[in-house]
Structures are given as C-alpha cells and as structure tokens.
Amino acid sequence: MFEQVFQFLVTGITVGSLYALVGLGFALIYNASDVVNFAQGEFVMLGAMAAIALLSAGLPLPLAAVVATLLAVGVGLLLERFAIEPAAGASVVATIIITIGAAIFLRGIALLLWGKDFHTLPPFSGDAPIRLGGATVLPQSLWVLAATGVLVALVRAFFDRTLLGKALLACSFNRTAAQAVGINVKVMLRLAYGLSAGLGAVAGILIAPITFSSYEAGVMLGLKGFSAAIVGGIGNPMGAVAGGLLLGVLEALGAGLVSSGYKDAIAFLFVLMVLFFEPTGLFGHKVAERV
Amino acid sequence: MKRWSNALAAVLLSLTGSGLAQAADPIKIGSFLTVTGPASFLGDPELKTLQMYVDDLNAQGGIKGSKIELIHYDTGGNAKDAVNFVKRLIKNDKVDLLIGGTTTGDTMAVIPDVEKEGIPFISLAGAVEIVEPVKKWVFKTPHSDRMAAAKIFEDLRKRGLSEIALITGDGGFDKSGRAQILKLAPDYGMTLVADEFYGNKDTDMTTQLTKIRSSGAQAIINFGLGQAPAIVTKNIKQLGIALPLYQSHGVASKTFIDLAGDAAEGVRLPAAALVVAEQLPDADPQKPILLAYKNQYEAKHGPVSTFGGHAYDGLLIAVEAIKRAGAADKAKLRDEIESTKGFIGTAGVFNMTPQDHMGLNLDAFKLVEIRKGAWKIVE
C-alpha cells in the first residue's frame with residue numbers, strides 16, 4: 001500500500017511539474033497588462049511542433065530546440081504587434097478575447113503546416129526508467145522538474161531584481177503613471193509577449209517526449225496550466241509552481257485512492273474551493289481597491 | 001412558377017417511371033464525415049478515399065453511363081450538425097444514398113431521419129449498436145467493437161489467461177468498447193479484476209496502472225483512440241509491468257508505433273487485414289484488393305489507414321448494388337445492398353443478410369503483434 005501511494009505521489013509531482021511549467025508562462029503577460037493570454041497553450045504547442053519539424057529536417061536536437069524557441073518568440077512578437085497593439089486602449093476583457101482568437105488562428109496554422117497527426121520528440125537522456133524506492137520515474141520528468149526550478153528562479157529574479165522586470169510590473173499597476181516616469185509601455189508589452197512565448201516554447205519542447213504533441217495539444221495544456229496559475233495566484237511565478245504541483249498530486253491521489261473515473265472532478269472541485277475561499281489564489285497579491 | 005414546374009416534373013417523373021428519364025442523370029452520393037476535429041484522423045482518409053474512387057469511376061465513364069456526383073459535408077464530430085447535413089442531403093440535394101457517419105455518435109444521431117425518409121445509408125462507424133437491432137435502411141462496413149473484444153478474448157483463452165485488467169478512456173469509442181468487453185467476458189470465462197479510466201487528453205496513466213499492477217491481473221486490455229493508448233503503453237514499460245498488453249483496433253496505425261516506440265514491442269491487437277496486406281498468403285482472395293487500394297492511396301495521400309478502407313468498402317458495395325438495381329428506386333437499391341454476397345473488401349468478405357447488416361465474421365480481423373516496429377500476424 002505504501003509503495004502504491006509513493007508511486008501516486010511521484011506521478012503527481014511529475015504531472016504537476018508539467019502543469020507548473022506551462023502555468024509559469026501566464027505570469028509574464030499578466031504582470032505586464034493584467035491580461036490572461038489564452039494563446040499561451042498554443043505557444044507551448046508551437047515550440048514542440050517546430051522542434052519536431054526541425055529535428056526531422058535534420059537539425060540536431062539542441063539546435064532544433066533553440067531555433068524552435070526563437071521562432072516562438074518571433075510569433076509572440078508578431079502577435080503583440082499585429083493583434084494586441086492595434087487594440088491598445090481596449091478593455092482587458094476585449095484583449096483576452098483577442099488572445100482566444102489568436103489561439104484559434106495559431107491552431108489553424110499548425111494544422112495546415114503539420115497535419116492532424118500526433119508527433120513526438122526523443123527523450124533527452126534515454127527512456128530507461130529510474131527507480132526511486134518502489135516507484136519509477138522517467139529521466140525526462142527529471143528534466144521537466146529541473147527546468148521548472150530554474151525557470152521559476154529566473155522569472156522571479158527578473159521581476160524582483162532587474163529594472164526591466166520592475167518596469168514591466170509598473171505597466172500593469174498603472175499604465176499612465178508608468179508612461180509618466182519614462183517607461184516605454186509599448187516596448188514593455190512586446191517584451192512580455194516575446195518572453196512568455198519563449199517560456200511556453202521551452203515548456204513545450206521539454207514535455208513533448210512525455211505527452212506527445214499535435215496541433216491541438218495546446219488546448220488541454222493551456223487549460224491545466226491556467227488552472228495551476230490561478231490556484232497559485234496568477235502573476236506569482238512561485239504560485240504557479242505550487243498550484244501545478246498541488247493539482248498534479250491531487251489528481252494522482254484522487255485517481256489512485258478514490259476512483260480514476262472522478263480524477264478530474266476532484267481536481268476541479270479543488271480549484272473551485274480555492275477560488276471560493278481565496279479568490280486571488282493561494283499565493284496571490286491581495287488587491288486593495290481604493291474608492 | 002418555377003416551383004410549380006419542378007413539382008410537375010417530379011409528378012411526371014414518378015408517373016413515367018425511372019428508367020426512362022434517368023439515363024443521363026448523375027447518381028448522387030451524399031456523404032457527411034468528420035474531416036476536422038478530434039476524430040479527423042478517421043474522417044480525413046475516408047473523404048480522400050471516396051473522392052479518389054468517385055473520380056476514378058467517373059473517368060471510366062461512371063456506372064452504366066451515369067456519372068457519380070459526391071456531395072459532402074464536414075460534421076466536425078458534432079452530432080447535431082450531422083443531423084442537419086443529412087436533412088439537407090435528403091431534402092435539398094436529393095441524394096440517392098448516404099455513405100458517411102464517421103463516428104458512432106454522428107451515425108446514431110441521423111438514423112431516425114434516415115429511417116423516416118427511407119434512404120439507403122452505409123455507415124462508416126464502429127459500434128455494434130448501429131446494426132443491432134437491425135434497422136431497415138442502415139448498413140455498416142467497419143468491424144464492430146464486439147468483434148474486437150471477441151478476438152482478444154479468443155487469444156487470451158489460447159494463452160490460458162483469464163484474469164484481466166481493463167483500462168479505457170472517456171470517449172465514445174472507449175465506452176462502447178468497454179461495454180462490449182464487460183458483456184462478452186463471462187462467455188469466454190474471463191474475470192475482470194480491475195476496471196480503470198483515464199481522460200483521453202491525460203498525459204500520465206501511471207496511477208491507474210499502479211493499481212492494476214497490484215490487482216493480480218494476468219493481462220491488460222486498453223480500449224482507446226489517439227495518443228492516450230500510446231501513453232498507456234509507455235507507462236506500462238516505465239513501471240516495469242511485464243503483463244501481456246492488448247490494444248484495440250483503434251490504434252492500428254503507424255502513428256501508434258511511432259509514438260509508443262520501444263514500449264510497443266509485443267503489444268497485440270485485432271486489426272483489419274489492410275495493415276498486414278503484404279504478409280497474407282498469395283492465395284488469400286483479399287490480398288490483391290488490399291494491395292491495390294493501398295498502392296493507389298499511398299501514391300496520392302501518404303500512409304494508408306484502415307479507416308479509409310471502410311469508405312472504400314462502403315462505396316464499392318454501393319456501386320455493385322447500383323449496377324444491379326440502378327439508383328432511382330431507393331427500396332430496390334436497399335434490397336440489393338442487403339443481398340451483397342461474397343463481396344471482398346478491405347475489411348474482409350461481406351455477406352449481408354436481412355439479419356446482419358454488417359456481414360463480416362470474426363475471420364475478418366487478424367490478430368497482430370508489434371515486433372521490431374512492424375505488424376506481424378499471430379498464428
């Protein structure tokens with residue numbers, strides 16, 4: 001029994017780190033503009049699919065990964081320039097709707113480019129499972145865990161330690177005031193979209209060997225990542241990680257100890273409870289509205 | 001005024017009988033398939049196959065001098081759309097027969113209209129409930145999930161295994177397959193010791209498989225479509241579970257082998273003969289037909305799948321029946337489809353009867369094993 005529960009926990013953490021990695025990408029754009037970017041899942045898909053295409057075109061895996069990430073950054077910048085920027089001044093809700101449209105558009109492009117089939121990347125360091133006590137874990141999952149750790153630290157340091165990060169945050173708090181103190185809001189927004197597209201692409205490339213990828217893979221990953229981000233408190237990179245891990249572990253324990261038929265119901269019930277009692281998420285900033 | 005003349009013409013036509021006026025009229029085949037959406041990997045090869053063979057037949061002068069016109073709508077896997085399109089096909093496009101209904105959901109949704117209007121309908125969906133109980137106007141060409149379950153159980157019995165664990169997804173195909181397995185298990189002396197579920201878009205099934213590992217099962221059956229069965233297969237290897245794994249005919253495509261990689265080694269599944277066409281003995285009457293279809297499809301569209309084969313079977317069964325009965329009289333056409341005998345298609349040899357509107361027997365399925373990344377027939 002103990003061995004079983006241990007495997008459930010290991011599974012939960014590996015799945016959770018995947019959600020966390022995707023959820024992290026939501027933080028950048030949210031912090032810059034209060035907008036939830038529903039095309040984030042598509043950035044994840046684009047990174048994975050582009051890397052797969054480049055690999056099969058003959059590029060070595062590390063190079064394919066780098067080029068795919070840069071491509072995704074380019075798409076992020078184009079998206080900001082041609083879809084978000086023309087709508088400057090529109091309400092947050094309108095901008096969110098634009099991102100939904102962009103997501104559908106990107107999915108369509110991927111469908112035309114790569115067809116409807118599922119594709120996969122070879123795992124970075126082999127397929128041989130690693131034994132941890134009675135449980136097993138794939139080497140690729142360790143890559144995901146490690147990358148999540150590194151990226152969280154980087155994103156955190158970016159917002160807390162760099163002037164650029166602070167300028168980005170300032171844009172979301174008060175756009176006019178930010179402009180008044182000399183922050184170029186336009187450039188900041190472009191930066192946010194480019195960076196989070198890159199972050200999404202890295203996530204996509206890391207998880208493709210485990211989950212496979214297809215033109216619509218971004219839908220599910222985006223949804224789970226978004227759940228992770230709001231449970232933890234959107235905008236807080238640490239929160240996304242905590243939310244992702246919590247969701248993953250809950251799903252695994254729910255499936256293992258209760259019933260695999262109710263796995264998602266248990267996880268979503270948890271998300272609802274969190275939003276009900278802590279609307280800003282477990283680690284979100286408390287927002288004080290001044291009347 | 002126009003409407004009146006149309007109505008008049010229709011009355012005249014029905015009075016004068018069909019044979020006279022039909023000679024130059026095209027034969028209209030109505031089709032509704034899931035070419036986009038989650039089941040697109042089924043509908044896409046089906047449509048390509050239909051278009052390819054309709055073009056071919058027309059290039060050869062059509063059927064007895066009549067050209068064939070294929071009218072197609074994409075349902076996107078939405079049963080509501082399927083119903084609307086079928087109504088349009090019958091009422092506006094005035095098609096002579098229907099070939100389509102990629103998914104069981106689409107097919108079941110349109111059956112009431114098909115039966116009410118009285119139009120021959122050859123479905124390309126899997127579930128056995130489509131032809132059981134028999135519906136007067138409805139036929140189907142793919143193997144049923146019950147046949148898949150029976151084929152797996154036959155092999156399990158041969159290997160002397162009886163304690164089985166089942167793991168299925170949350171799609172229609174999965175649920176229908178699970179129901180057939182539960183229903184047939186007692187007939188073959190099988191006991192189900194675990195019955196686990198996953199979501200079709202889940203990325204990890206090790207939790208469910210950990211439970212199966214401790215359930216004392218002697219073999220695992222996974223019924224599903226898309227990428228999930230490949231993840232199950234990989235997870236089984238990851239956990240080091242050494243039990244025989246059976247998949248369904250839903251994954252009988254090269255994509256599954258590519259995705260599951262080394263973990264697919266030794267996986268067994270029931271599949272249509274199309275995937276092992278080259279390995280059939282030369283005496284097998286199906287072999288030349290399979291190879292001809294495969295070569296023609298692959299020359300134009302890339303790797304062949306069994307799903308396109310179902311469309312090939314449906315179209316050619318219809319063409320044979322039209323040759324015998326003409327397309328004008330729907331009731332006569334229906335009778336001729338029902339009396340299809342010894343038709344050799346990609347799915348097997350079809351022998352339809354008034355009690356059996358599919359006409360395939362268990363021999364139509366081959367039990368195959370994946371060895372070194374390729375399908376091998378299990379003797």
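This is a predicted model: local features need pLDDT of at least 70, side-chain atom pairs count only at pLDDT 80 or more; totals for chains, interfaces and linings use all residues.
1. As for the bounds, the domain assignment has domain 1 of chain B as 2-143 + 287-362 and domain 2 of chain B as 146-277 + 365-377. Their C-alpha centres sit 31 Å apart.

2. Now the contact between chains. Here 25 residues of chain B are in contact with 25 residues of chain A. On the chain B side, at least two residues each come from α3 (40-59), β7 (191-197), α8 (206-213), α9 (228-238) and α10 (254-260) of chain B. The largest share, five residues, belongs to α8(B).

3. On to the largest nonpolar core, which has 193 residues. Within this core, the residues touching the most other members are L46(A), A51(A), A72(A), A192(A) and I205(A). Helix α8 (residues 185-211) of chain A gives the most to the core, with 16 residues. Chain B takes part as well: domain 1 (2-143 + 287-362) and domain 2 (146-277 + 365-377) of chain B both contribute residues, so the core lies between them. As general background, nonpolar side chains in soluble globular proteins tend to be buried together.

4. A192(A) is worth a click. Which residues is A192(A) in contact with, leaving aside neighbours within four places in sequence? They are L28(A), I29(A), A32(A), S33(A) and L168(A).

5. Last, have a look at helix α5 (residues 139-161) of chain A. This helix has 23 residues and reaches 32 Å from its first C-alpha to its last, close to the 33 Å expected at 1.5 Å a residue. Which residues of α5(A) are buried? The set is Q140(A), S141(A), V144(A), L145(A), T148(A), L151(A) and V155(A). For reading that list, remember that an α-helix has 3.6 residues a turn, so residues three or four places apart point the same way. The cover over the buried residues of α5(A) includes α1 (2-33), β2 (135-137), α8 and α10 (237-258) of chain A.

Methods:
Residues are numbered from 1 along each chain as its sequence is written. Chains are lettered from A and ligands numbered from 1 in the order in which they are written. A nonpolar core is a set of buried Ala, Val, Leu, Ile, Met, Phe, Trp, Tyr and Cys residues joined through C-beta atoms within 7 Å. A residue is buried if 20 or more other C-beta atoms lie within 10 Å of its own, exposed if 12 or fewer, and partly exposed in between; C-beta atoms are placed from the backbone. Helices (H or I, at least four residues) and strands (E, at least two) are DSSP runs, numbered from the N terminus. Domain bounds come from an automatic or database domain assignment. Two residues are in contact if their C-beta atoms, placed from the backbone, lie within 7 Å. The expected span of a helix is 1.5 Å times one less than its number of residues.
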